[in-house]
Amino acid sequence: MMRSKLKAIPLVIAMVISGCSLYTQPDKTYEMAKENLTEATDLRNQLPAYKNIEINSGIYIEAISSSEANRESWYFEKEDINFRQTQFDIVLQNVFAETNINFKYIDGIDRTRLISVNHDGTLGESLKIIGDAAGYSFTLNANTVTWSKYETQTFDLAMFPGIETFGVGKGGGNVDYNSDTSVTGSSIISSVDEFVHTSGELDVYQDLRKSIPLLLSKEGKFELNPATTSLLVKDFPTNVSKVKKYIGDQNEMLTRQVAVDLTVIDVQFDDETSLGLDWDLVIKNLGQHAVDVSMGSGFTTGAGTLGGVAPMIIDSTVGSGKFTGTQMLISALQSQGSVSKKTYPRTISLNNRVTKLRSIQRTNYIREQTTTNTINVGSESSIEQGTVSSGFSMYLLPKIYREDVIMRLTTNISTLISIEKKGTTGEEASSGSQVYIESPTVADKDFDQSIIIRSGRTLLIAGLSTVVTQSSNQNAGHDALGMKKTSSKQRVETIIAITPTILRGVRG
């Protein structure tokens with residue numbers, strides 16, 4: 001009797017504990033669900049570690065091509081094959097023994113060629129593995145596989161049809177602007193004597209006609225079609241693979257692309273200021289903005305410099321973005337004069353292709369004025385006008401190499417300084433009948449350089465200065481015509497900022 005009571009005590013305790021558990025379980029379940037909800041919300045609001053990767057939950061199905069989607073079921077059957085030095089046709093018979101595939105052999109291929117293959121995959125993949133081992137190509141039509149010694153493939157060429165010729169820089173034989181015969185020839189700087197010119201002819205099809213035969217066998221053939229910009233090749237599969245890689249490399253280089261942003265900055269000084277920019281002060285101010293600059297002797301030392309710094313090329317290596325260094329430079333220049341800038345449209349060029357950017361202003365002037373007197377009739381006047389062009393022009397030839405842009409840059413900056421009247425005589429002036437011509441004065445600056453700039457950085461080309469004379473006539477009664485003549489000179493320092501950005505091409 002006593003034992004039965006003792007046995008009942010653990011049972012009662014277990015029932016009490018179970019009852020307590022049933023009582024507290026809803027609270028624990030609620031707290032756990034609340035924690036799971038909080039964790040799920042945090043995960044949903046958490047930014048992904050990799051911004052270019054999107055994670056989706058679901059079943060992954062490997063994509064197949066449209067041609068594979070129409071294959072028979074045997075094409076996707078798994079098969080483990082392992083042959084060593086076995087005849088080509090025997091390997092095919094053993095691997096595809098349980099299928100209804102028919103084999104056809106053309107071009108006199110050697111069916112007894114010994115091959116070794118080791119592959120664990122689908123039967124469709126096995127066809128390519130066996131073909132690569134034998135050096136043969138195949139075509140699959142329904143359930144018939146046709147084997148051939150040769151492979152025929154068409155490649156799309158990323159190029160324009162035709163021949164492109166170009167010239168960058170001035171060549172010899174140009175007409176000298178100085179027509180004053182009283183000036184000795186030794187004192188004239190003529191492009192006949194000094195010039196820098198790069199010219200070339202881009203004929204990609206002619207280049208391919210020379211290079212493709214180097215990749216083919218004696219039995220290989222190819223045909224270039226400029227109308228469709230394509231290349232047709234027939235040769236052994238290994239040789240066709242070489243052509244495929246070569247065309248892929250050529251297409252990649254031909255489609256490299258660079259954008260060039262260009263800004264021209266003018267710093268204007270009046271008569272009382274110094275003759276040039278204090279580059280020591282400019283560099284000091286740039287350093288305060290954490291701009292790293294490096295200098296090169298792009299130009300020779302001139303009289304228009306201060307602080308012992310010659311006109312130079314400044315490579316601004318600050319950060320990235322459009323004209324990051326240029327904006328810093330403008331801030332540094334504002335303490336020395338009036339700063340203005342002109343931003344030109346972005347120029348986009350393909351690799352090894354010449355791009356032209358021009359912003360020209362044309363001004364008419366009186367080049368010749370004649371008067372014909374006829375007895376009993378009177379006089380007849382005629383005027384012949386001329387046109388003078390001024391502004392900015394640039395020719396750019398870029399070569400993209402990894403993260404750098406190698407550029408051949410030819411730039412001309414011309415400024416119309418003044419148009420003076422010449423030929424008016426005193427009697428004609430007093431009678432109000434003025435016979436004169438106009439003579440324009442143009443300041444012209446050329447520079448031609450080959451430079452290397454890292455993509456996204458700004459190159460600053462300095463050392464281009466111009467003295468502009470402005471004259472005006474005011475009616476103040478100080479001369480015979482009652483006109484007061486005034487003039488002023490202004491010095492303008494020009495800085496060109498160039499920022500190339502590789503849009504498409506090899507990096508690193």
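Predicted model: local features only at pLDDT ≥ 70, side-chain atom pairs only at ≥ 80, totals over all residues.
## A three-stranded sheet

Let's start with an open sheet of three strands, laid out in the order β6-β10-β9 and paired antiparallel. Its edges are β6 (151-156) and β9 (221-225), each of which pairs on one side only. On average, neighbouring strands here are turned by 10° against each other, ignoring direction. Helix α6 (residues 237-254) packs on this sheet, where it touches β6 and β10, and its direction makes about 5° with that of β6.

Now for the pairings. β6 and β10 run antiparallel and are joined by six bridges; on that side, Thr154 stands opposite Leu232 in β10. Leu232 is also the bridge partner of Glu223. β9 pairs with β10 (residues 230-235) through five bridges, again in the antiparallel sense, and Lys221 sits opposite Lys234 of β10. The hairpin of β9 and β10 has four residues between the strands, and Thr229 takes a positive phi near 45° there. As a reminder, strands in a sheet pair through backbone hydrogen bonds, in either a parallel or an antiparallel way.

Helix α4 (residues 123-134) is 12 residues in length and spans 16 Å from its first C-alpha to its last, close to the 16 Å expected at 1.5 Å a residue. Its buried residues are Leu123, Gly124, Ser126, Leu127, Ile130, Gly131 and Ala134. Why do they end up on the same side of α4? Because they cover an arc of only 155° around the axis. Just past the helix, Gly135 has a positive phi of about 80°.

Phe88, Asp89, Val91, Leu92 and Val95 are its buried residues. Looking down the axis of α3, they fall within an arc of 160°, so they line one face of the helix. What they pack against is β1, β2 (102-105), β3, α4 and β5.

## The nonpolar cores

The largest nonpolar core has 22 residues, and those with the most contacts inside it are Leu262, Phe392, Met407, Leu409, Ile496 and Ile498. At least two residues of this core come from each of β11 (257-269), β19 (378-401), β20, β21 (437-454), β22 (458-474) and β23 (484-504). There's also a second, separate core, with 21 residues, including Val95, Phe96, Leu123 and Ile130. In general, nonpolar side chains of soluble globular proteins tend to be buried together.

Leu409 lies in strand β20 (residues 404-422). Is Leu409 buried or exposed? Leu409 has a relative accessible area of 1%, under the 20% cut-off, so it counts as buried. Leaving out residues up to four places away in sequence, Leu409 touches Met394, Tyr395, Leu396, Phe447, Asp448, Gln449, Ile451, Ile461 and Ile498. The C-alpha atoms of Leu409 and Pro398 are 8.4 Å apart, with the two residues 11 apart along the chain.

Phe392 also has a list of partners, again not counting residues up to four places away in sequence. Among them are Leu262, Val264, Tyr344, Leu357, Ile360, Ile413 and Ile496, along with Arg358 and Asn412.

Definitions and conventions: Residues numbered from 1 in each chain as written. Heavy atoms only, no water. Pairing = 2+ DSSP bridges. Axes fitted to C-alpha atoms, helices over the stretch in contact; angles between N-to-C directions. Contact = heavy atoms within 4.5 Å. Buried < 20%, exposed > 50% of the residue type's maximum accessible area, 1.4 Å probe, protein only. Expected span 1.5 Å × (residues − 1). Arc of directions from axis to C-beta. Core = buried A, V, L, I, M, F, W, Y, C linked by side-chain atoms within 4.5 Å.
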